[in-house]
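Colleague: Could you walk me through this model and show me how to read its features?
Modeller: Gladly; let us look at it together.

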Amino acid sequence: MSDGAAVHAGSGKVRELFGLDEDRLLLVATDRISTFDVVLPTPIPDKGRVLTGLSGFWFARTSQIVPNHLLVLRPDARSTEVRRLEMLPIECVVRGYLAGSGWKDYQRLGSTSGHELPEGLVESDRLPEPIFTPATKAAEGHDENISREAAADLVGRELLEDVERISLELYSYVSDYAATRGIMLADTKLEFGLDGAGTLVLADEAFTPDSSRFWPADSYEPGRPQPSFDKQYVRDFCEQLGWDKTPPGPELPQSVVEGTRSRYIEAFERLTAVPFAAYLDDPNTVLS
Ligand code: PZK
(Lines give C-alpha, C1' and ligand atoms only; values in the text may rest on other atoms or scores of the structure.)
Protein backbone atom coordinates (compact mmCIF):
# COMPACT_ATOMS: atom_id res chain seq x y z
CA MET A 1 0.00 0.00 0.00
CA SER A 2 2.98 2.33 0.15
CA ASP A 3 3.56 1.90 -3.61
CA GLY A 4 0.82 4.29 -4.68
CA ALA A 5 -1.75 1.64 -5.67
CA ALA A 6 -5.28 3.02 -5.36
CA VAL A 7 -7.75 0.72 -3.61
CA HIS A 8 -11.30 0.75 -4.85
CA ALA A 9 -13.35 1.92 -1.87
CA GLY A 10 -16.84 2.39 -3.27
CA SER A 11 -19.11 2.98 -6.24
CA GLY A 12 -21.92 5.46 -6.54
CA LYS A 13 -24.33 5.37 -9.47
CA VAL A 14 -22.09 7.67 -11.49
CA ARG A 15 -18.93 8.08 -9.38
CA GLU A 16 -16.09 5.95 -8.05
CA LEU A 17 -14.10 6.27 -4.86
CA PHE A 18 -10.56 4.94 -4.24
CA GLY A 19 -8.37 4.95 -1.16
CA LEU A 20 -4.96 6.55 -1.78
CA ASP A 21 -3.51 6.30 1.73
CA GLU A 22 -4.56 6.64 5.35
CA ASP A 23 -5.50 10.30 4.93
CA ARG A 24 -6.62 10.66 1.32
CA LEU A 25 -9.24 9.40 -1.14
CA LEU A 26 -9.57 9.78 -4.90
CA LEU A 27 -13.05 10.79 -6.07
CA VAL A 28 -13.72 10.19 -9.78
CA ALA A 29 -16.74 11.60 -11.62
CA THR A 30 -17.58 9.40 -14.62
CA ASP A 31 -19.62 10.42 -17.68
CA ARG A 32 -22.48 8.13 -16.68
CA ILE A 33 -25.92 9.71 -16.41
CA SER A 34 -28.94 8.50 -14.46
CA THR A 35 -32.56 9.37 -15.01
CA PHE A 36 -35.59 8.17 -13.08
CA ASP A 37 -32.98 6.52 -10.79
CA VAL A 38 -31.60 4.29 -13.55
CA VAL A 39 -28.08 4.64 -15.00
CA LEU A 40 -28.32 4.72 -18.79
CA PRO A 41 -25.97 2.69 -21.05
CA THR A 42 -24.93 5.81 -23.02
CA PRO A 43 -22.45 8.22 -21.39
CA ILE A 44 -22.51 12.02 -21.83
CA PRO A 45 -18.96 13.03 -22.85
CA ASP A 46 -17.37 15.46 -20.35
CA LYS A 47 -20.26 15.28 -17.86
CA GLY A 48 -17.87 14.11 -15.12
CA ARG A 49 -15.48 16.97 -15.89
CA VAL A 50 -18.28 19.52 -15.72
CA LEU A 51 -19.38 18.23 -12.30
CA THR A 52 -15.83 18.08 -10.94
CA GLY A 53 -15.12 21.62 -12.14
CA LEU A 54 -18.34 23.00 -10.66
CA SER A 55 -17.68 21.32 -7.31
CA GLY A 56 -14.16 22.78 -7.25
CA PHE A 57 -15.49 26.22 -8.16
CA TRP A 58 -17.96 26.16 -5.23
CA PHE A 59 -15.45 24.67 -2.80
CA ALA A 60 -13.06 27.54 -3.56
CA ARG A 61 -15.80 30.15 -3.11
CA THR A 62 -17.37 28.75 0.05
CA SER A 63 -14.23 27.97 2.04
CA GLN A 64 -14.77 31.17 4.03
CA ILE A 65 -18.11 29.68 5.18
CA VAL A 66 -16.88 26.14 5.95
CA PRO A 67 -13.68 24.17 5.22
CA ASN A 68 -14.00 21.42 2.59
CA HIS A 69 -12.30 18.13 1.73
CA LEU A 70 -10.70 19.20 -1.58
CA LEU A 71 -6.91 18.78 -1.72
CA VAL A 72 -6.01 18.50 -5.42
CA LEU A 73 -7.93 18.91 -8.67
CA ARG A 74 -6.12 16.53 -11.05
CA PRO A 75 -5.03 17.34 -14.61
CA ASP A 76 -7.67 14.95 -16.05
CA ALA A 77 -10.27 17.51 -14.82
CA ARG A 78 -12.56 14.73 -13.54
CA SER A 79 -10.83 13.42 -10.42
CA THR A 80 -9.95 15.02 -7.11
CA GLU A 81 -7.84 14.01 -4.17
CA VAL A 82 -9.78 14.66 -0.99
CA ARG A 83 -9.24 14.41 2.74
CA ARG A 84 -10.49 11.19 4.27
CA LEU A 85 -13.13 12.10 6.86
CA GLU A 86 -15.52 10.43 9.21
CA MET A 87 -18.76 11.04 7.35
CA LEU A 88 -21.97 12.01 9.15
CA PRO A 89 -24.76 9.45 8.55
CA ILE A 90 -27.24 12.05 7.20
CA GLU A 91 -27.82 13.94 3.96
CA CYS A 92 -28.14 17.68 4.56
CA VAL A 93 -30.82 18.95 2.17
CA VAL A 94 -31.81 22.60 1.82
CA ARG A 95 -34.93 23.54 -0.10
CA GLY A 96 -35.82 27.00 -1.34
CA TYR A 97 -38.65 25.76 -3.59
CA LEU A 98 -41.23 22.98 -3.38
CA ALA A 99 -40.10 20.09 -5.61
CA GLY A 100 -39.35 16.37 -5.50
CA SER A 101 -39.90 14.64 -2.15
CA GLY A 102 -40.52 18.01 -0.44
CA TRP A 103 -43.53 18.57 -2.70
CA LYS A 104 -44.69 14.95 -2.15
CA ASP A 105 -44.43 15.35 1.66
CA TYR A 106 -46.29 18.68 1.51
CA GLN A 107 -49.19 17.22 -0.48
CA ARG A 108 -49.52 14.32 1.97
CA LEU A 109 -48.79 16.10 5.27
CA GLY A 110 -48.69 19.87 4.76
CA SER A 111 -45.15 19.71 6.09
CA THR A 112 -41.72 18.24 5.34
CA SER A 113 -39.10 17.17 7.92
CA GLY A 114 -41.33 18.81 10.56
CA HIS A 115 -41.50 22.24 8.89
CA GLU A 116 -45.17 23.30 8.88
CA LEU A 117 -45.71 25.09 5.57
CA PRO A 118 -48.41 27.59 4.56
CA GLU A 119 -51.57 26.22 2.96
CA GLY A 120 -52.22 26.57 -0.74
CA LEU A 121 -48.69 26.18 -2.06
CA VAL A 122 -48.38 24.74 -5.55
CA GLU A 123 -45.64 22.58 -7.09
CA SER A 124 -42.35 24.49 -7.57
CA ASP A 125 -43.53 27.42 -5.38
CA ARG A 126 -40.90 29.43 -3.58
CA LEU A 127 -40.93 28.68 0.16
CA PRO A 128 -41.35 31.56 2.65
CA GLU A 129 -37.71 30.91 3.57
CA PRO A 130 -35.20 28.15 2.77
CA ILE A 131 -35.63 25.08 5.00
CA PHE A 132 -33.26 22.35 6.18
CA THR A 133 -34.76 18.89 5.54
CA PRO A 134 -32.31 16.16 6.55
CA ALA A 135 -32.58 12.66 5.08
CA THR A 136 -31.18 9.25 5.85
CA LYS A 137 -28.59 7.72 3.53
CA ALA A 138 -30.19 4.69 1.94
CA ALA A 139 -27.64 2.03 0.87
CA GLU A 140 -29.80 1.61 -2.20
CA GLY A 141 -33.09 3.09 -3.25
CA HIS A 142 -34.41 6.41 -2.05
CA ASP A 143 -33.18 8.54 0.82
CA GLU A 144 -35.94 9.15 3.33
CA ASN A 145 -36.71 12.59 4.75
CA ILE A 146 -36.50 12.59 8.54
CA SER A 147 -37.40 15.06 11.27
CA ARG A 148 -34.69 17.24 12.83
CA GLU A 149 -35.27 15.24 16.04
CA ALA A 150 -34.51 11.97 14.24
CA ALA A 151 -31.43 13.59 12.67
CA ALA A 152 -30.31 14.80 16.12
CA ASP A 153 -30.54 11.21 17.37
CA LEU A 154 -28.14 10.18 14.57
CA VAL A 155 -25.48 12.92 14.88
CA GLY A 156 -26.17 14.67 18.19
CA ARG A 157 -28.00 17.95 18.79
CA GLU A 158 -25.00 20.24 18.72
CA LEU A 159 -23.57 18.87 15.48
CA LEU A 160 -27.02 18.96 13.88
CA GLU A 161 -27.42 22.64 14.78
CA ASP A 162 -24.00 23.32 13.26
CA VAL A 163 -24.72 21.53 9.94
CA GLU A 164 -28.16 23.14 9.70
CA ARG A 165 -26.76 26.65 10.13
CA ILE A 166 -23.86 25.99 7.71
CA SER A 167 -26.11 24.30 5.11
CA LEU A 168 -28.52 27.26 5.10
CA GLU A 169 -25.64 29.71 4.79
CA LEU A 170 -24.16 27.75 1.85
CA TYR A 171 -27.55 27.56 0.12
CA SER A 172 -28.11 31.27 0.53
CA TYR A 173 -24.66 32.14 -0.87
CA VAL A 174 -24.87 29.81 -3.90
CA SER A 175 -28.51 30.53 -4.76
CA ASP A 176 -27.84 34.30 -4.74
CA TYR A 177 -24.78 33.74 -6.94
CA ALA A 178 -26.64 31.47 -9.39
CA ALA A 179 -29.56 33.93 -9.57
CA THR A 180 -27.20 36.59 -10.98
CA ARG A 181 -26.52 34.14 -13.84
CA GLY A 182 -30.15 33.28 -14.60
CA ILE A 183 -30.13 29.94 -12.80
CA MET A 184 -32.36 29.04 -9.86
CA LEU A 185 -31.13 26.63 -7.19
CA ALA A 186 -34.37 24.91 -6.17
CA ASP A 187 -32.73 22.61 -3.63
CA THR A 188 -29.42 20.95 -2.85
CA LYS A 189 -28.00 17.98 -0.98
CA LEU A 190 -24.81 18.38 1.05
CA GLU A 191 -22.65 15.91 2.91
CA PHE A 192 -20.36 16.67 5.81
CA GLY A 193 -17.65 14.81 7.68
CA LEU A 194 -15.40 15.36 10.66
CA ASP A 195 -11.64 15.60 10.37
CA GLY A 196 -9.16 14.23 12.92
CA ALA A 197 -9.51 17.38 15.02
CA GLY A 198 -13.31 17.06 15.11
CA THR A 199 -13.85 20.00 12.74
CA LEU A 200 -16.87 19.92 10.40
CA VAL A 201 -15.80 19.68 6.76
CA LEU A 202 -17.93 19.90 3.60
CA ALA A 203 -17.37 16.74 1.51
CA ASP A 204 -18.64 14.81 -1.51
CA GLU A 205 -19.68 16.91 -4.51
CA ALA A 206 -21.27 20.29 -3.88
CA PHE A 207 -23.73 22.38 -5.92
CA THR A 208 -23.51 20.24 -9.06
CA PRO A 209 -26.50 19.39 -11.25
CA ASP A 210 -26.38 15.82 -9.81
CA SER A 211 -26.66 17.02 -6.20
CA SER A 212 -28.96 19.99 -6.82
CA ARG A 213 -32.01 21.02 -8.81
CA PHE A 214 -30.96 23.79 -11.18
CA TRP A 215 -33.80 25.49 -13.04
CA PRO A 216 -33.52 28.00 -15.90
CA ALA A 217 -34.95 31.22 -14.39
CA ASP A 218 -36.42 32.48 -17.67
CA SER A 219 -38.98 29.67 -17.88
CA TYR A 220 -39.89 29.46 -14.16
CA GLU A 221 -43.62 29.02 -13.65
CA PRO A 222 -45.04 27.63 -10.39
CA GLY A 223 -47.91 25.15 -10.58
CA ARG A 224 -46.06 22.55 -12.63
CA PRO A 225 -42.77 20.64 -12.52
CA GLN A 226 -39.92 22.80 -13.88
CA PRO A 227 -37.69 21.65 -16.75
CA SER A 228 -34.31 20.46 -15.49
CA PHE A 229 -31.43 22.66 -16.65
CA ASP A 230 -29.30 19.64 -17.58
CA LYS A 231 -31.40 16.46 -17.96
CA GLN A 232 -34.56 17.65 -19.70
CA TYR A 233 -33.66 16.29 -23.17
CA VAL A 234 -32.94 12.88 -21.62
CA ARG A 235 -36.21 12.86 -19.66
CA ASP A 236 -38.24 13.98 -22.69
CA PHE A 237 -36.62 11.29 -24.86
CA CYS A 238 -37.32 8.58 -22.25
CA GLU A 239 -40.92 9.74 -21.80
CA GLN A 240 -41.72 9.73 -25.52
CA LEU A 241 -40.19 6.22 -25.83
CA GLY A 242 -42.71 4.90 -23.34
CA TRP A 243 -39.91 3.17 -21.34
CA ASP A 244 -41.31 1.77 -18.05
CA LYS A 245 -38.38 3.23 -16.01
CA THR A 246 -37.11 -0.16 -14.86
CA PRO A 247 -33.56 -1.28 -15.76
CA PRO A 248 -32.07 -1.53 -18.26
CA GLY A 249 -32.50 2.04 -19.47
CA PRO A 250 -32.57 2.92 -23.17
CA GLU A 251 -29.57 3.93 -25.27
CA LEU A 252 -29.61 7.62 -26.14
CA PRO A 253 -29.46 8.85 -29.75
CA GLN A 254 -26.59 11.15 -30.70
CA SER A 255 -28.86 14.23 -30.85
CA VAL A 256 -29.90 13.73 -27.20
CA VAL A 257 -26.27 13.10 -26.15
CA GLU A 258 -25.09 16.27 -27.90
CA GLY A 259 -27.96 18.42 -26.64
CA THR A 260 -27.40 17.22 -23.08
CA ARG A 261 -23.62 17.70 -23.24
CA SER A 262 -24.23 21.28 -24.42
CA ARG A 263 -26.55 21.94 -21.47
CA TYR A 264 -23.95 20.70 -18.95
CA ILE A 265 -21.29 22.89 -20.52
CA GLU A 266 -23.68 25.85 -20.61
CA ALA A 267 -24.41 25.39 -16.90
CA PHE A 268 -20.66 25.24 -16.19
CA GLU A 269 -19.87 28.37 -18.20
CA ARG A 270 -22.85 30.37 -16.93
CA LEU A 271 -22.08 29.62 -13.30
CA THR A 272 -18.28 29.85 -13.36
CA ALA A 273 -17.77 32.41 -16.18
CA VAL A 274 -14.79 30.19 -17.16
CA PRO A 275 -14.77 28.87 -20.76
CA PHE A 276 -14.98 25.07 -20.53
CA ALA A 277 -11.93 24.73 -22.84
CA ALA A 278 -9.89 26.87 -20.43
CA TYR A 279 -10.91 24.54 -17.59
CA LEU A 280 -9.78 21.46 -19.56
CA ASP A 281 -6.50 23.21 -20.36
CA ASP A 282 -5.88 24.05 -16.70
CA PRO A 283 -8.43 22.70 -14.21
CA ASN A 284 -7.11 24.95 -11.43
CA THR A 285 -8.59 27.94 -13.28
CA VAL A 286 -11.88 27.35 -11.44
CA LEU A 287 -10.20 27.55 -8.04
CA SER A 288 -9.04 31.15 -8.38
C1 PZK B 1 -17.20 9.16 1.29
N2 PZK B 1 -18.90 8.66 -0.02
C3 PZK B 1 -19.95 8.71 -1.02
C4 PZK B 1 -18.98 9.28 -3.25
C5 PZK B 1 -18.80 6.67 -3.99
C6 PZK B 1 -19.31 7.00 -2.74
N7 PZK B 1 -13.98 12.85 2.18
C8 PZK B 1 -14.53 11.63 2.44
N9 PZK B 1 -14.05 10.90 3.45
C10 PZK B 1 -14.57 9.71 3.73
N11 PZK B 1 -15.56 9.17 3.03
C12 PZK B 1 -16.11 9.82 2.00
C13 PZK B 1 -15.60 11.10 1.67
C14 PZK B 1 -16.13 11.88 0.58
N15 PZK B 1 -16.58 12.48 -0.28
C16 PZK B 1 -18.05 9.63 0.33
N17 PZK B 1 -18.64 7.57 0.66
C18 PZK B 1 -17.61 7.86 1.48
C19 PZK B 1 -19.40 8.32 -2.36
C20 PZK B 1 -18.48 8.92 -4.49
C21 PZK B 1 -18.40 7.62 -4.87
F22 PZK B 1 -18.67 5.40 -4.36
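Predicted model: local features only at pLDDT ≥ 70, side-chain atom pairs only at ≥ 80, totals over all residues.

Colleague: How many aromatic pairs does a search of the whole structure find?

Modeller: Rings of Phe, Tyr and Trp (its six-membered ring) pair if their centres lie within 6.5 Å; planes under 30 degrees apart count as stacked, over 60 as edge-to-face and the rest as tilted. By that rule, the search finds 13 aromatic pairs. One of them is the edge-to-face pair of Trp-58 and Phe-207, with 6.2 Å centre to centre and 65° between the planes. This pair links distant parts of the chain, 149 residues apart: Trp-58 is in helix H1 (residues 47–62), and Phe-207 is in the loop between strand E15 (200–203) and strand E16 (212–216). Helices (H or I, at least four residues) and strands (E, at least two) are DSSP runs, numbered from the N terminus.

Colleague: Are Trp-58 and Phe-207 buried or exposed?

Modeller: Buried means under 20% relative accessible area, exposed over 50%, and partly exposed in between (1.4 Å probe, protein chains only). Both Trp-58 and Phe-207 are buried.

Colleague: Why is the pair of Tyr-173 and Tyr-177 called tilted?

Modeller: Because their ring planes are at 50°, with the centres 6.1 Å apart. Tyr-173 and Tyr-177 are about one helical turn from each other, because they sit four residues apart in helix H4 (residues 157–179). Tyr-173 has 25% relative accessibility, so it counts as partly exposed, whereas Tyr-177, at 19%, counts as buried.

Colleague: What should I look for in the backbone?

Modeller: Most residues other than glycine have a negative phi, and most peptide bonds are trans. Here, Phe-207 has a positive phi of about 55°, and its relative accessible area is 0%. Asp-46 also has a positive phi, near 75°; Asp-46 sits in the loop between strand E5 (38–39) and H1. With 11% relative accessibility, Asp-46 counts as buried. A cis peptide bond, with omega about -5°, joins Pro-247 and Pro-248. Pro-248 belongs to the loop between helix H5 (232–241) and helix H6 (254–272).

Colleague: How many residues surround the ligand?

Modeller: A residue is near a molecule if one of its heavy atoms lies within 4 Å of it. Here 15 residues surround the ligand, and the closest are Gly-10, Ser-11, Gly-12, Arg-83 and Leu-85. Strand E2 (15–19) is among the strands that each supply at least two residues of the shell, and E2 gives the most, with three.

Notes. Residues numbered from 1 in each chain as written. Heavy atoms only, no water.
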